[in-house]
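This report is written for a reader new to the structure shown below. Please look through the sequence and the model before reading on.

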Amino acid sequence: MAIQDPGTRPVIKPVVTPANPRFSSGPCAKPPTFDVAKLADAPLGRSHRAAVGKARLKAAIEGTREVLGIPADYRIGIVPASDTGAVEMALWNLLGARKVEMLAWESFGAGWVTDVVKQLKLDAEIKTADYGQIVDLTTVDTDNDVVFTWNGTTSGVRVPNGDWIKADRDGLTICDATSAAFAQELPWDKLDVTTFSWQKVLGGEAAHGMIVLSPRAVERLESYTPAWPLPKIFRLTKGGKLIEGIFEGATINTPSMLAVEDYLLALDWARSVGGLSGLIARADANAQVIHDFCDARDWIGNLADDPATRSNTSVCVRFTNPRITDGASFAKAIAKRLEAEGVALDIGAYRDAPAGLRIWCGGTVETSDLAALMPWIDWAYQSEIADVPG
Ligand SMILES: Cc1ncc(COP(=O)(O)O)c(C=O)c1O
């Protein structure tokens, strides 16, 4: 069916559909080669403290180190409660020792601000930017402790680099990198605490988070005791010493060995596409499909103003035709139409973000699927705008 938008060309409903319509920003698409049968060797029904379980957990830690290029003297732990658990653990264990700067440019970063100010009741300096923008990073003093999100999943705005972080800083940098790790270069020498979850870029399962600690973060843990109590689930030290076992695979509490196996499989797939550089190249190519699409049209644009800050994972776009007066309803109708056609699932903007679409471009998504999706966005847009008066 051809739909005539007054003043524009008719748009034909596309024929080619994405082979995989899963463009959710978390949990993200499983690796293209995923098959649940490949999890058959998981040591299910066995203790995670048995040799077999501990070996799988250790392999998850060391596989993470290898694929992400994390320095040998950084500790990597598998912790409860996904990325949220890992971030909270960092905030509650480490903050309060010195002045804190909280940076936020979207919903998750704003959530960490609330925790630090309202729950920990710290007199933090708060620097925020609107959706689509980023804080002026040159104003950040990394002699303070600094908490920030590397890739703002709900705004599609990312930190362009770590140049603003001093090499000889006195503070700790605490970085929520959940939608950046495995898709973007992370400068480990500039990051003291880095967190992410398996359910994001590698398309793993939720439930477990990872926390990566620099030697300076460990030093802080061993020399500073926060004024507030810490539940067992957050505790990283005992008697003033790091609990080393956590970073060897002796998790604080019981993990899902099925999720661990799934993560190991995802790491294998990551190696098969060239490791970190392969993953970054895949995400870049994916995001480029959307950037090119937006550049060629005057009714859609990236939410991130500065191209240097544009995410290559959670790409957020908005509809810019001034005829659209109810942006939220318009964008929702587009997402609904695409979902109904089975060509794109879960691509509505995050609930607190400006109206638009958020399309996941991490490495588990195939570029050909994004290329197949773009004509459908044309079609859905033209179908919806035809009903907008103007
Ligand atoms: C930047 C950021 N931080 C934290 C979270 C929470 O992650 P999880 O649900 O894995 O704890 C998300 C999830 O989308 C996120 O994008």
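## Basis of the report

This is a predicted model, in which local features need pLDDT of at least 70 and side-chain atom pairs count only at pLDDT 80 or more, while totals for chains, interfaces and linings use all residues. Residues are numbered from 1 along each chain as its sequence is written.

## Two domains and their contact

The domain assignment, which is automatic or taken from a database, gives domain 1 (21-31 + 274-385) and domain 2 (36-271). Taken over C-alpha atoms, the centres of domain 1 and domain 2 are separated by 27 Å.

Contact between the domains (C-beta atoms, placed from the backbone, within 7 Å) involves 33 residues of domain 1 and 33 residues of domain 2. On the domain 1 side, helix 6 (275-295) and strand 15 (314-319) each supply at least two residues. Helix 6 gives the largest share of that side, 5 residues. Helices (H or I, at least four residues) and strands (E, at least two) are DSSP runs, numbered from the N terminus. By class, the side of domain 1 that touches domain 2 has 16 nonpolar, 12 polar and 5 charged residues. Here Ala, Val, Leu, Ile, Met, Phe, Trp, Tyr, Cys and Pro count as nonpolar, Asp, Glu, Lys and Arg as charged, and the others, Gly among them, as polar.

## The shell around the ligand

Around the ligand there are 13 residues, of which Ser82, Thr84, Phe108, Thr153 and Ser197 come nearest; a residue is near if its C-beta atom, placed from the backbone, lies within 6 Å. Helix 2 (residues 82-94) supplies the largest share of this shell, 3 residues. The shell comprises 2 nonpolar, 9 polar and 2 charged residues.

## A parallel pair and its helix

Strand 4 (residues 100-104) and strand 5 (residues 125-128) run parallel and are joined by 4 bridges; strands pair if DSSP finds at least two bridges between them. Within this pair, Met102 stands opposite Ile126 of strand 5. Together with helix 3 (residues 107-119), strands 4 and 5 make a right-handed β-α-β unit. Right-handed means that, with the strands pointing away from the viewer, the path from the first strand over the helix to the second runs clockwise.

An open sheet of 3 strands has the order 14-15-16 with antiparallel pairing. Strand 14 (300-302) and strand 16 (357-360) are at the edges with a single partner strand each, so one side of each has no neighbour in the sheet.

Strands 14 and 15 are joined by 3 bridges, and Ile300 has Phe319 of strand 15 as its bridge partner.

Key
Contact = placed C-beta atoms within 7 Å.
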